[in-house]
Amino acid sequence: MQSQRIALVIACLIPALQVRAEEYVVDQINKSFVMTGKPITALKLKKGDTVSFKNGDPFFHNIFSLSELQTFDLGSYPAGEARAVKFEAAGTVDVECAIHPDMHMTVEVE
Amino acid sequence: MRSISFLTRPGFFLVLACLSWGGAQAGILDYRRPPILPPPAGNESTPARVALGKVLFFDPRLSGSKWISCATCHNPALGWADGLPTGIGHGMQNLARSTPTVLNTAYNKFQFWDGRARSLEEQALGPILNAGEMHRDIDGLLRDLSAIDGYRTMFAAAYREDGISEAAIGKALAAYERTLITTEAPFDAWVEGNESAITDSAKRGFVLFEGKAKCNLCHQGFNFQDDGFHNLGLKERGKPDPGRYAQRALPAARGAFKTPTLRELSLTAPYMHNGAYATLQQVIDHYNRGGDVRTNLSPNMHPLNLSTTEKSDLIEFLGALNSTNPLTETIPILPQ
Ligand SMILES: [Cu+2]
C-alpha cells in the first residue's frame, strides 16, 4: 500500500520533472537590462532555454553577442518589440547592446 | 519571468512626480546636473593631482615635437576644441576626425568618437603616443619629465606610489579633465523654475526637441548624450570612416559615432565627427532631411517636416544650453 502510494507520487512528479525549456523575459528599460523590475547583470539558465529581449524604451535597441560560445545579432528593434534567443551550449555568453554598449550582461548556461 | 507591469516601473513614478510639479514639464528633472561619474579607485581627486594634470595638459614637452600640447587642440579659448573641421596633428597632418571638447567628458562612459577608451585615464595616453597626434615615445617622455625638478616634486605630491610613470600621467590628466565642467546655462536656470531665464522661442524649441523633432531619442539628460552610437547618414568627406564598427563589427555600428554633448555649441563649431557642418542651421537641416546616406542609417532618424519657425526655435533652444559665464582657465607656468 505504502509503496503503491509512493509510486503514484513519483508517477505524478515525472511530467513536472521533465526538462522543460524555460522562456525568460529581459526588459530594456532606461538603457539597462531589467528582470521582474530589477536591473540585472547576470542570468543563470539551462541549455535549451530561451531569453526574450523586450524593448521598453522609446528608442531602438540592438542586442547581440560576439562571444566565442554563441554569436547572435537581433538587429535594431523599436519600443514594445521583443526578440528571442535560444541558448544551446553550456558556458558564459556576453550580451551587449550595439547602440548603447554600457548595456551589458552575461548569460550563464548550465 | 514575466515582463514587469507599467506600475512598478520607476519611470512611471517620475512621470507622476513631474506631472504634479508642472504639467508641460514632465521629465524636466532628468535635465538636472548630476554628480560626475566616480573616478576609478586609486584616482580620487586631490588638489595636487588636479594641479599636476593641469600643467601636463598645457605642456608641449609631452609631444615628440615639443610643440603640441593637449591644449593645442583642446584650446580653452575655443570651447576646449580647435575650431577646425578636423584636427591637425604632428607634422601638420590632417586628422580624420574633428576634435571634441573635453568639457563634460567626466560624464562620458565612453571616450573618443568610436568609444574605444572607457575611462579618461585610459584615453589620455592615446594622443600622446599616437603618431598622428603628439607622436611621443613613452620612455623618452618619462626620461624628460624625470629631469625636470618641478615635475619630480609634483608627481611625488600627487602620486607617491606610481611616481613619474605612464599610469600617473594618465591619472593626473584625467583628474584635471574631471574639473572641466560646463557652468550654468539659461536652460539650467529655467529647469530650476526661473520662467524668464529663456525665451518663448527656446521653450517652443524644447517642446520640439522632446516632441516632433525627437532629438531626445539620443540627446538625453543634463549632458544631452546617451553614451550611444548612431549613424546619422552623414556624407563621407574623406576616406570612409567605420566609426564604432572598428570596436564592434556589427551592421548597426558601421558609420555610427558617439552622441556628443549639446552644451556650449556656440564655442565648438564646426559640428559632427567629420566637421561636416559649420552652423547649427546646417545641422538642423540635416536632421530635417532625415539624413543623407541611407546605408546603415539609424532607425531613429526620419524626415522631420519642420517649418522655418520650428527650426529657428530649435536653434534658439540649443542657444539656451550655452553657459552664461563659460568656464575660463588661467594658463599655468610650466614646471622647470
Ligand atoms: Cu540599446
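Good morning. In this predicted model, 23 residues of chain B are in contact with 26 residues of chain A, contact meaning heavy atoms within 4.5 Å. Between them the two chains bury about 2,100 Å², of which 60% lies on carbon and sulfur atoms; this area is the accessible area (1.4 Å probe) that two parts lose on being put together, summed over both.

A note on conventions. Residues are numbered from 1 along each chain as its sequence is written, with chains lettered from A and ligands numbered from 1 in the order in which they are written. In this predicted model local features need pLDDT of at least 70, side-chain atom pairs count only at pLDDT 80 or more, and totals for chains, interfaces and linings use all residues, while side-chain values use heavy atoms, with hydrogens and water left out.

How many salt bridges does the rule find across the interface of chain B and chain A? There are three, where a salt bridge is a side-chain nitrogen of Lys or Arg within 4 Å of a carboxyl oxygen of Asp or Glu. A:Asp102 forms a salt bridge with B:Arg118, with 2.7 Å between the closest N and O atoms.

I turn to the copper ion. Its protein donors are A:His61 (ND1), A:Cys97 (SG) and A:His100 (ND1), at 2.0 to 2.1 Å; donors are N, O and S atoms within 2.8 Å of the metal (3.2 Å for Na, K and Ca), and water is not among the atoms, so sites may look incomplete. The donor residues follow the spacing H-x35-C-x2-H. Both A:His61 and A:Cys97 are buried, that is, under 20% relative accessible area (1.4 Å probe, protein chains only). Thank you.

How values were computed:
Buried means under 20% relative accessible area, exposed over 50%, partly exposed in between (1.4 Å probe, protein chains only).
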